[in-house]
Amino acid sequence: MDAVWGDNVAQNIAFYAIAIPMVVAALRVVTTKNVVHAALYLVVVLLGVAAQFIVLGAEFIAATQVLVYVGAIVVLLLFGVMLTRARLGHDAEVDNEPAQRLAGGLVAVVLFALMTFAVFDQWQDVTLPEERYQSVAVVSDSIFSTYLVPFEATSVLLLAALIGAIVLARRD
């Protein structure tokens, strides 16, 4: 039993207590027919990710997750949905045939199996270092030195998404 749970039983219980609602909400994101509901389920998933970071002891990353993804991107998504006047509920033009749903589910199962195999194949002998603490100064130095180009590319991508939402909203 100790080999399964390890030394951090409370941390493992917290992980699963957060992960189960996240998985349910993630499934609802892709299965609900209402776009606004899907966005709200996405908020639950992203908040769960932030909670997982807190369980791992990365409070700064959790706060960044909440500010950037939950606060900014989901609000941008909701504004985009509302401004584009997307149809809510059943839409015959968008709904897939049962054969297409079956093919999509089969592709999802195959992709999940491949990713699971890749993760276990690559990381089966890897042990993580015990030191997990990183200060905010180390993270900020990494963002503004090593990862400056991806950081700026992300901001340009968010700006392009905002401009795209405005262009789609003004099409009429």
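Q: Buried means under 20% relative accessible area, exposed means over 50%, and partly exposed lies in between. Is Gln52 buried or exposed?
A: The model examined here is predicted. Gln52 belongs to helix 3. Its relative accessibility is 12%, and this value falls under the 20% limit, so Gln52 counts as buried.

Q: Which residues is Gln52 in contact with, leaving aside its neighbours within four places in sequence?
A: Contact requires heavy atoms within 4.5 Å. With the neighbours within four places in sequence set aside, the residues that meet this condition for Gln52 are Phe15, Ile18, Ala19 and Met22.

Q: Which helix do the buried residues of helix 2 pack against?
A: Helix 2 covers residues 9-31. Its buried residues are Gln11, Ala19, Met22 and Ala25. Of these, Ala19 and Met22 are in contact with Gln52, which is found in helix 3. The buried residues of helix 2 pack against residues 35-55, that is, helix 3.

Q: What distance does helix 2 reach from its first C-alpha to its last?
A: Helix 2 has 23 residues, and at 1.5 Å a residue the expected span is 33 Å. The distance in the model is close to that expectation, at 33 Å.

Q: How many Å apart in space are Arg28 and Ala38, C-alpha to C-alpha?
A: Arg28 is found in helix 2 and is partly exposed, with a relative accessible area of 34%. In sequence, Arg28 and Ala38 are 10 residues apart. In space, their C-alpha atoms are separated by 6.8 Å.

Q: How many degrees lie between the planes of Phe15 and Tyr16 in their aromatic pair?
A: A search of the whole structure finds 2 aromatic pairs. In the pair formed by Phe15 and Tyr16, the centres are 5.1 Å apart and the arrangement is edge-to-face. Phe15 is partly exposed at 39% relative accessibility, and Tyr16 is also partly exposed, at 46%. The angle between the planes of Phe15 and Tyr16 is 80 degrees.

Q: Why is the pair of Phe144 and Phe151 described as it is, and what is that description?
A: Phe144 counts as exposed at 53% relative accessibility, whereas Phe151 counts as partly exposed at 38%. The ring centres of Phe144 and Phe151 lie 5.4 Å apart. Their planes meet at 75 degrees, and planes over 60 degrees apart fall in one class, so the pair is edge-to-face.

Q: What accessible area do the residues of the nonpolar patch on the surface have together?
A: The patch is formed by Leu106, Val107, Val110, Leu111, Leu114 and Met115. One of these, Val110, is placed in helix 5, residues 98-123, and is partly exposed at 42% relative accessibility. Together, the residues of the patch have an accessible area of about 590 Å².

Q: How many helices are there in the protein chain?
A: From the N terminus on, the elements run α-α-α-α-α-α-α. The chain contains 0 strands, and its number of helices is 7.

Q: What percentage of the accessible surface of the protein chain belongs to carbon and sulfur atoms?
A: Of the 172 residues of the protein chain, 14% count as buried. The accessible surface of the chain comes to about 13,400 Å². The share of that surface belonging to carbon and sulfur atoms is 71%.

How values were computed:
Residues are numbered from 1 along each chain as its sequence is written. This is a predicted model: local features need pLDDT of at least 70, side-chain atom pairs count only at pLDDT 80 or more; totals for chains, interfaces and linings use all residues. Side-chain values use heavy atoms; hydrogens and water are left out. Rings of Phe, Tyr and Trp (its six-membered ring) pair if their centres lie within 6.5 Å; planes under 30 degrees apart count as stacked, over 60 as edge-to-face and the rest as tilted. Buried means under 20% relative accessible area, exposed over 50%, partly exposed in between (1.4 Å probe, protein chains only). Helices (H or I, at least four residues) and strands (E, at least two) are DSSP runs, numbered from the N terminus. Patches are made of residues with over 30% relative accessible area and no salt bridge: like charges are joined within 9 Å, nonpolar side chains (Val, Leu, Ile, Met, Phe, Trp, Tyr) within 5 Å. Accessible areas come from the Shrake-Rupley method with a 1.4 Å probe; for residues, only the protein chains shown count as cover. A salt bridge is a side-chain nitrogen of Lys or Arg within 4 Å of a carboxyl oxygen of Asp or Glu. The expected span of a helix is 1.5 Å times one less than its number of residues.
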